Amino acid sequence: MMQKEKACRNCRRVIEKGSECPSCGSTSFTTFWRGYVLVIDPEKSEIAKRMQINSAGKYALRISR
Ligand SMILES: [Zn+2]
């Protein structure tokens, strides 16, 4: 199955379109990722803190390539 969503190789932010990561500005993406977390409020989220995420969005848990 093809995933149209891609994950930023730098901060793992998952986006559907565009060529630049809205979180870190990176242009390096991969479609080979698995699992994700939705961060609504990064300041209140333990997972966000652990993953060092500072902006709301969808983030890949694993990036394989
Ligand atoms: Zn990024």
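Trainee: Is R12 buried or exposed?
Mentor: This is a predicted model, so we're reading computed geometry here. R12 sits in the loop between β1 and β2 (14-15). The cut-off for burial is 20 or more other C-beta atoms within 10 Å. R12 has 24 C-beta neighbours inside 10 Å, so it counts as buried.

Trainee: And what is the phi of R12?
Mentor: Most residues other than glycine have a negative phi. R12 isn't a glycine, yet its phi is positive, at about 75°.

Trainee: Q52 also has a positive phi without being a glycine. Is Q52 buried or exposed?
Mentor: Q52 belongs to the loop between α1 (46-50) and β5, and its phi is about 55°. Q52 has 9 of them, so it comes out as exposed.

Trainee: Which residues does A60 touch, leaving out those up to four places away in sequence?
Mentor: R12 turns up here again, as one of the contacts of A60. A60 itself is part of the largest nonpolar core.

Trainee: Which elements give two or more residues to the largest nonpolar core?
Mentor: That core has ten residues in all: A7, C8, C11, C21, F29, W33, V39, A48, Y59 and A60. The elements giving two or more of them are β1 (6-8), β4 (33-39) and β5 (57-63).

Trainee: Which strands stand at the edges of the three-stranded sheet?
Mentor: It's an open sheet with antiparallel pairing, in the order β2-β1-β3. β1 and β3 pair over two bridges, and A7 stands opposite T30 in β3. Each edge strand has a single partner, so one side of each is left without a neighbour in the sheet; those strands are β2 and β3 (29-30).

Trainee: How does the radius of gyration compare with the globule rule?
Mentor: The protein has one helix and five strands, following the pattern β-β-β-β-α-β. For 65 residues the globule rule gives 11 Å, so the protein is as compact as a globular protein of that length, with a radius of gyration close to the rule at 11 Å.

Trainee: Which element has the highest mean pLDDT?
Mentor: The protein averages a pLDDT of 93, and 95% of the residues score at least 70. Among the elements, α1 has the lowest mean, 92, and the highest, 97, belongs to β1.

Terms used:
Residues are numbered from 1 along each chain as its sequence is written. This is a predicted model: local features need pLDDT of at least 70, side-chain atom pairs count only at pLDDT 80 or more; totals for chains, interfaces and linings use all residues. A nonpolar core is a set of buried Ala, Val, Leu, Ile, Met, Phe, Trp, Tyr and Cys residues joined through C-beta atoms within 7 Å. A residue is buried if 20 or more other C-beta atoms lie within 10 Å of its own, exposed if 12 or fewer, and partly exposed in between; C-beta atoms are placed from the backbone. Helices (H or I, at least four residues) and strands (E, at least two) are DSSP runs, numbered from the N terminus. Two residues are in contact if their C-beta atoms, placed from the backbone, lie within 7 Å. Two strands pair if DSSP finds at least two bridges between them. pLDDT is the predictor's confidence in each residue, from 0 to 100. The radius of gyration is taken over C-alpha atoms; the globule rule is 2.2 Å times the number of residues to the power 0.38.
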